[in-house]
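Me: I am new to this structure and would like to go through it step by step. Could you take my questions in turn and show how each answer is reached?

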Amino acid sequence: MKILDKYILKFYLTRFIGVFAICFLIFIIQTFWLYIDELAGKGLDIFTIGKFFLYFSPKLVPLVLPLSILLASLTTYGTLSENYEFIAMKSNGISIIRSMVALLIFHIFLGIGAFYFSNNVVTVGELKSYNLRKNLAKLKPTLSIREGIFNDIGYMNIKVNKKYGDNDQFLEDIILHTISDDEVNRIVIKAEKGEVRNESEGYLQLVLRNGNRYEDLEANTAADREKFPFTKASFDEYILNIDISEFNNVDLDEENYRSTYKMQKVNELKKNFDTLSLKFNEDKIIFGRSFISNHPIKKLPNLNKPQLESLSADTRLNFVNLINNPKVYELNNIFNMASDEVDIYLRQLSNKKRTFFLQQKLINLHKLTINDRYSLVFACIFLFLIGASLGSIIRKGGLGLPLVLSITIFLTYHYIGVFGKNAAEDSTLSPFIGSWISTIVIAPFAIYLTRIVSTDRRFSLTVFDRISELLKNLKINK
């Protein structure tokens with residue numbers, strides 16, 4: 001490695017490490033405020049809080065790294081250009097492109113390292129942080145009841161719209177689900193108001209007022225199911241004693257959740273992606289066959305079966321002609337029954353559509369995660385080329401204009417990626433396009449700016465200086 005390459009690499013690394021540390025600290029502080037509700041008031045020691053941020057911090061690296069590369073390269077080449085060091089290089093026959101070679105190689109290896117970091121370290125951090133959050137939620141469960149979302153408390157799942165009082169003990173608009181031993185939600189309780197009181201070491205007392213209790217009865221036979229489908233009871237006051245003794249002996253290092261897509265490596269994601277896709281296709285085929293075989297038209301008692309079988313061959317056949325000797329009252333009954341059956345099947349289709357949507361979304365998330373880890377490699381390279389080229393063009397170092405440009409470019413890159421991923425989750429875009437769209441967008445700009453620098457064109461005169469001259473002319477005219 002030549003002296004010039006060592007000098008530029010050392011100059012860049014000092015700035016890169018400083019920028020990365022500052023950006024990482026900013027995102028850590030933002031994380032603290034984001035999860036303050038889950039940490040506050042639970043009597044956690046500094047070691048447990050430190051573990052939480054240690055496990056969470058690896059997930060921030062893929063977000064902080066592109067911004068750090070962009071800002072560090074822009075300020076590095078902006079400072080070198082501002083101090084006329086590139087003019088000295090050119091006088092010795094060294095072009096700006098030649099000065100980028102060492103850093104380009106460095107960023108290729110940095111991108112590859114980022115891939116392995118995301119594939120190995122980030123997955124472990126996700127596993128640890130996710131399980132730690134779940135375990136922390138078991139500590140002092142009354143404090144973990146958050147407004148507007150469902151919260152797990154023991155064998156119950158509770159949602160409240162509002163909390164108030166000195167200790168947030170009063171609740172409003174309560175929905176409570178109880179999970180039975182067979183993991184089926186059979187009991188639903190709704191109440192207008194409630195109160196949490198008499199919390200001791202062993203149990204939590206929940207007092208509900210002005211509500212209803214619904215229970216889906218478990219029947220042994222289909223006939224019993226039709227006779228006694230559910231029970232409903234109204235109450236003025238309903239007291240629940242929830243056993244929370246196990247919450248006082250929570251093992252914060254316990255890892256019961258290991259199967260989410262963010263915890264898996266690329267080879268595991270690919271394997272699960274194939275399994276989920278195969279199951280999804282099988283479910284669609286099975287549901288299609290079941291839906292056709294149970295079509296309500298086949299349930300008519302006086303149906304002409306031979307004509308029904310030939311219906312596909314003669315689509316002009318009238319529906320009424322399929323029925324042998326229909327009478328007026330029979331037709332009315334048939335049409336009423338058909339209308340009811342259609343409503344049932346429409347609801348069934350709607351429910352199945354939601355199920356298939358969630359299955360497809362999970363498949364898309366697996367594919368998005370795989371492609372995200374590969375796209376990060378190229379994002380590191382392209383963002384370096386954009387930053388280095390812009391730095392040498394604008395000839396400004398420091399944290400003024402370079403900082404503004406870096407944040408603008410990074411936010412554009414980031415939000416294009418967010419838009420692509422959100423669109424890919426619900427299959428509006430292909431998961432491949434959703435993961436790569438931000439990298440695809442910045443690639444032409446990186447190539448174009450690098451060509452401008454390689455041909456030594458005065459791009460600054462055609463853009464930045466013209467804007468400055470226009471502003472000066474406006475001031476003079478005033």
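Reply: Let us begin with a term: a residue counts as buried under 20% relative accessible area, as exposed over 50%, and as partly exposed in between. Please keep in mind that this is a predicted model.

Me: Is D372 buried, exposed or partly exposed?
Reply: The relative accessible area of D372 is 23%. Since buried means under 20% and exposed over 50%, a value in between has its own class, and D372 is therefore partly exposed.

Me: Which residue meets D372 in a salt bridge?
Reply: The side chain of D372, which lies in helix 10, pairs with a residue of helix 11, so the bridge ties together parts that are 49 residues apart in sequence. The N to O distance is 3.6 Å, and the partner, with a relative accessible area of 32%, is itself partly exposed. That partner is K421.

Me: How many residues apart are K361 and E425?
Reply: These two residues form a salt bridge whose closest N and O atoms are 3.8 Å apart. Both are partly exposed, K361 with a relative accessible area of 29% and E425 with 22%. As K361 belongs to helix 10 and E425 to helix 11, the pair links distant parts of the chain, and the separation is 64 residues.

Me: Which helix holds both D283 and K279?
Reply: The side chains of D283 and K279 meet in a salt bridge at 3.0 Å, N to O. Because they are four residues apart in one helix, about one helical turn separates them, and that helix, spanning residues 266–293, is helix 8.

Me: How far does helix 11 reach from its first C-alpha to its last?
Reply: Helix 11 runs over residues 401–425 and has 25 residues. At 1.5 Å a residue, its expected span is close to what the model shows, which is 36 Å.

Methods
Residues are numbered from 1 along each chain as its sequence is written. This is a predicted model: local features need pLDDT of at least 70, side-chain atom pairs count only at pLDDT 80 or more; totals for chains, interfaces and linings use all residues. Side-chain values use heavy atoms; hydrogens and water are left out. Helices (H or I, at least four residues) and strands (E, at least two) are DSSP runs, numbered from the N terminus. The expected span of a helix is 1.5 Å times one less than its number of residues. A salt bridge is a side-chain nitrogen of Lys or Arg within 4 Å of a carboxyl oxygen of Asp or Glu. Buried means under 20% relative accessible area, exposed over 50%, partly exposed in between (1.4 Å probe, protein chains only).
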